[in-house]
Amino acid sequence: MSKPRPLGERAKDVMRLRHVSPRTEKSYLHWMRRFHEFNGRRDPAKVGQAEVTAFLNDLAVSKKVAASTQNQALCALIFLYRHVLQLDF
């Protein structure tokens, strides 16, 4: 039995099938990695809305990122859950 492909590779495949621009792909992968690291490298399919909210709050409060940056991170996570993991967000 073959080993499952890494999440980043699956995300790239989905983005390319959906004709996402290369810059958006790079940005979304960045936010997906940061979210994964923020949650102690736990499987994103096993973390939920509370962890997403905590991540976005950390960006706003601790990292002091702009609202547009928070929105970009949120869009990347929505894409991850809806299109890559195929889970309700």
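Modeller: Contact is used here for heavy atoms within 4.5 Å, and helices are DSSP runs of H or I with at least four residues, numbered from the N terminus. By that reading, W31, R34, F35 and F38 of α2 meet E51, V52, A54, F55, D58 and L59 of α3. The model is a predicted one, in which local features need pLDDT of at least 70 and side-chain atom pairs count only at pLDDT 80 or more, while totals for chains, interfaces and linings use all residues. Residues are numbered from 1 along each chain as its sequence is written, and side-chain values use heavy atoms, with hydrogens and water left out.

Colleague: What makes α2 roughly perpendicular to α3?

Modeller: The two helices pack at an angle of about 105 degrees, with their axes 10 Å apart; the axes are lines fitted to C-alpha atoms over the stretch in contact, and angles run from 0 to 180 degrees between N-to-C directions. Roughly perpendicular covers 65 to 115 degrees, and therefore α2 is called roughly perpendicular to α3. By class, this contact of α2 with α3 has 7 nonpolar, no polar and 3 charged residues, where Asp, Glu, Lys and Arg count as charged, Ala, Val, Leu, Ile, Met, Phe, Trp, Tyr, Cys and Pro as nonpolar, and the others as polar.

Colleague: Why is α2 also called roughly perpendicular to α4?

Modeller: The axes of α2 (residues 22-38) and α4 (residues 67-84) come within 9 Å and cross at roughly 85 degrees, so α2 is roughly perpendicular to α4 as well. On the α2 side the contact is made by S27, Y28, W31, M32 and F35, and the α4 residues include A73, A76, F79 and L80. By class, the contact of α2 with α4 has 11 nonpolar, 3 polar and no charged residues.

Colleague: How do you know that the length of α4 agrees with its 18 residues?

Modeller: The expected span is 1.5 Å times one less than the number of residues; for α4 that should be 26 Å, and the end C-alpha atoms are 25 Å apart, which agrees.

Colleague: Which residues of α4 are buried, and what do they pack against?

Modeller: Buried means under 20% relative accessible area, exposed over 50% and partly exposed in between, with a 1.4 Å probe and protein chains only. The buried residues of α4 are A73, A76, L77, F79, L80, Y81 and V84, and they pack against α1 (7-17), α2 and α3 (49-61).

Colleague: Which residues touch the most other members of the largest nonpolar core?

Modeller: Of its 21 residues, M15, M32, F35, F55, F79, L80 and Y81 do; such a core is a set of buried Ala, Val, Leu, Ile, Met, Phe, Trp, Tyr and Cys residues joined through side-chain atoms within 4.5 Å. Each of α1, α2, α3 and α4 supplies at least two residues of this core, and α4 gives the most, with 7 residues. Leaving aside neighbours within four places in sequence, M32 is in contact with A11, M15, A76, F79 and L80.

Colleague: Why does H19 count as exposed, and why does E9 count as partly exposed?

Modeller: H19, in the loop between α1 and α2, has 71% relative accessibility and so counts as exposed. E9, in helix α1, has 35% and therefore counts as partly exposed. The phi of H19 is positive, near 60 degrees, in a residue other than glycine.

Colleague: Where is K64 found, and why does K64 count as exposed?

Modeller: K64 lies in the loop between α3 and α4, and its relative accessibility is 66%, so K64 counts as exposed. Although K64 is not a glycine, its phi is positive, about 55 degrees.

Technical notes: Angles under 35 degrees count as roughly parallel, over 145 as roughly antiparallel, 65 to 115 as roughly perpendicular and the rest as oblique.
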